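Let's work through a few exercises on one protein model. Keep the sequence and the 3D view open, and try each task before reading its solution.

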Amino acid sequence: MKILLPIDGSKTSLSAAKYVAQLVGNMRSKCSVTLINVHDDFGLNHVKQFVSKSVVDDYLREISEKELKPAQKVLDAAGVKHNMIIKRGHVSKEILATATKEKFDMIVMGAKGRGGVLDLLIGSVAQRVVSSAKQPVVLVK
């Protein structure tokens, strides 16, 4: 079973990582876990006028690595092998595209991430993933 685990640094995404660690520990079949972190860089478009692309790339990579670290520790402590993907773009679209392209069997994610006021207006990333995913999605509180 291939499990995609979106991580955004929120408490619920860490809870999802703990759930996956427990789930994989209880399964008899071999599991593959991939952590994915996506940052929407649309808000940085005005900054790109003043700093180089490599500075923006480095900045987003540092943030992603910081957000992924707690989930990595949870999976490492449980002995769950995993790999990571770091992407930029529209968060839910990137998660869905990765899940489809890489043929994941399941997506496990936090029910509420680090979204803000915009999520109240257009719906959360979790809602968009649940409504559009072709594979089962487990939301963890």
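Predicted model: local features only at pLDDT ≥ 70, side-chain atom pairs only at ≥ 80, totals over all residues.

**Exercise 1. Find out which strands pair with β1, and in which direction they run.**

Start with β1 itself, which covers residues 2–6. Now look across to β2, residues 32–39. The two strands run parallel and are joined by five bridges. If you want a landmark, pick L4, which sits opposite T34 in β2.

Next, check β4, residues 106–110. This strand also pairs with β1 in the parallel sense, this time over two bridges. Here the landmark is I3, whose bridge partner in β4 is M106.

**Exercise 2. Follow the chain from β1 to β2 and work out the handedness of the unit, then compare the directions of α1 and α2.**

Leaving β1, look for helix α1, residues 11–26, and then for β2. Together, β1, α1 and β2 form a β-α-β unit, and its hand is right-handed.

Now bring in α2, residues 53–77. The axes of α1 and α2 come within 9 Å of each other and cross at roughly 20°. Angles under 35 degrees count as roughly parallel, and α1 and α2 are therefore roughly parallel to each other. One more detail to note down: α1 passes α2 in a right-handed crossing.

**Exercise 3. Track down the salt bridges and say which residues are linked in a network.**

You're looking for a Lys or Arg side-chain nitrogen within 4 Å of a carboxyl oxygen of Asp or Glu. By that rule, the count is three salt bridges.

Step one is D57 with K53, where N and O are 3.0 Å apart. Both residues belong to α2 and lie four residues apart, about one turn of the helix. How exposed is each? K53 is exposed, at 61% relative accessible area, while D57 is partly exposed, at 25%.

Step two stays with D57, which also forms a salt bridge with R88; their closest N and O atoms are 2.0 Å apart. D57 lies in α2 and R88 in strand β3 (residues 82–88), so this pair ties together parts that are 31 residues apart in sequence. R88 is partly exposed, with a relative accessible area of 27%.

Step three is E94 with K87, whose closest N and O atoms are 3.8 Å apart. E94 is partly exposed at 21% relative accessibility, and K87 is partly exposed too, at 28%.

Note on methods
Residues numbered from 1 in each chain as written. Heavy atoms only, no water. Buried < 20%, exposed > 50% of the residue type's maximum accessible area, 1.4 Å probe, protein only. Pairing = 2+ DSSP bridges. Right-handed = clockwise from strand over helix to strand, strands pointing away. Axes fitted to C-alpha atoms, helices over the stretch in contact; angles between N-to-C directions. Parallel < 35°, antiparallel > 145°, perpendicular 65-115°, else oblique. Left-handed = near helix turned anticlockwise from the far one by under 90°.
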